[in-house]
Structures are given as C-alpha cells and as structure tokens.
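Visitor: I am new to this structure and would like a close look at one part of it. Could you start from a single side chain and work outwards?

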Amino acid sequence: MLELVTAHAPELADSDARHGWGLFETLRVQEGRARWLGLHLARLAEGCAFLGLPAPPEPDAVEAFLAAHTELASTRRGSLRLLAVDGRLAVRLGLSAHAVTSLALLAGLGMALAIATGTRLGFILGVLLGF
C-alpha cells in the first residue's frame, strides 16, 4: 500500500517519475471536503494496478490523514493533488482555478489603475489591489 505523506517532491534523478511510473489525481475542494474522493481513489487504484504500483489507501484512511495533516477542513475552495510515485501517495492542497483567476484579475486591474492615473495614489491603490 502507498504510504501517505504531505510533502513529497520526487528527486527526478532517483525517482520512478523520471520513467513515467507515477500517477496523479486533482480533486476539487469545496467547503472543507475533497469532492468525489472515493471515485478518484478508485481510478488511482486502477492506474496503480495497471502500472504494477502499490494500491492507494482506502478513502477512510485518506480522509483521516487529510484531517490530521492538512488544512482541508478550513479550505473553502481549492484543489487537492494526489501524487502516487516512489511508494508514496503525496497530498497537497492548492488554490482553486477560480481563486487564481480572481487574483490575476485583481492584479491586472490594480496595475491598470496605476498606469491610467499616473499618480502616486494610483500606484499605491494598484499595488494594494494587486496584492
């Protein structure tokens, strides 16, 4: 069975990922829950079996691990990446595509305001809106 870990960046020189022997799943996180976790783990298990990799843990074990080792419960919107490689199942929370798009839009509007006004106040407002 794959070992659950929170931070695993494979060393490509020594990793099976270098040869394509790994799988990943990306899940939507909404209101503190990983959506369709059981289905994603089932698909991951099928891929692991096909590649001859160890199976991922059961959904209950993954949910307990996420509750104990991540901020999933307090994540309103985001993503969860599951990476199966080198005998580990690494989990990582990230921003949702919506959040990234919103931040980029705000940054762009802030910069446009700074350029359009050409003033120190416009620059300050642009920086504040951008960040």
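What is the relative accessible area of Arg33, and does that make the residue buried or exposed?

Guide: Arg33 has a relative accessible area of 52% and is exposed. Buried here means under 20% relative accessible area, exposed over 50%, and partly exposed anything in between, with a 1.4 Å probe and protein chains only. Please keep in mind that this is a predicted model, in which local features need pLDDT of at least 70 and side-chain atom pairs count only at pLDDT 80 or more, while totals for chains, interfaces and linings use all residues. Residues are numbered from 1 along each chain as its sequence is written, and side-chain values use heavy atoms, leaving out hydrogens and water.

Let us see what Arg33 does. Side chains of opposite charge can pair when their charged atoms come close. A salt bridge is counted when a side-chain nitrogen of Lys or Arg is within 4 Å of a carboxyl oxygen of Asp or Glu. Arg33 makes one with Glu63, and their closest N and O atoms are 3.9 Å apart. Because Arg33 belongs to strand β3 and Glu63 to helix α2, this pair ties together parts that are 30 residues apart in sequence. Helices (H or I, at least four residues) and strands (E, at least two) are DSSP runs numbered from the N terminus. Glu63 is partly exposed, at 35% relative accessible area.

Altogether, 3 salt bridges are counted. Another joins the side chains of Arg43 and Glu25, with 2.8 Å from N to O. Here too, distant parts of the chain are linked: Arg43 sits in helix α1 (residues 37-51) and Glu25 in strand β2 (residues 23-30), 18 residues apart. Glu25 is buried, at 8% relative accessibility, while Arg43 is partly exposed, at 48%. Glu31 and Arg76 also meet in a salt bridge, with 3.7 Å from N to O. Since Glu31 lies in the loop between β2 and β3 (33-34) and Arg76 in the loop between α2 (59-69) and β4 (77-85), that pair ties together parts 45 residues apart in sequence. Both Glu31 and Arg76 are exposed.

Now back to α2, the helix that holds Glu63. An α-helix has 3.6 residues a turn, so residues three or four places apart point the same way. In α2, Val62, Phe65 and Leu66 are buried. Seen down the helix axis, the buried residues of α2 fall within an arc of 100°, so they line one face; the arc is that of the directions from the axis to the C-beta atoms. Asp60, Ala67 and Ala68 are exposed on the other side of α2. The cover over the buried residues of α2 includes β1 (3-5), α1, β4 and β5 (88-94).

Contact means heavy atoms within 4.5 Å.

β4 and β5 pair in the antiparallel sense over 7 bridges, with Ser79 opposite Gly94.

One last stop is His40 in helix α1. His40 is buried, at 12% relative accessibility. Apart from its neighbours within four places in sequence, His40 is in contact with Glu25, Thr26, Leu27 and Arg35.

Conventions
Two strands pair if DSSP finds at least two bridges between them.
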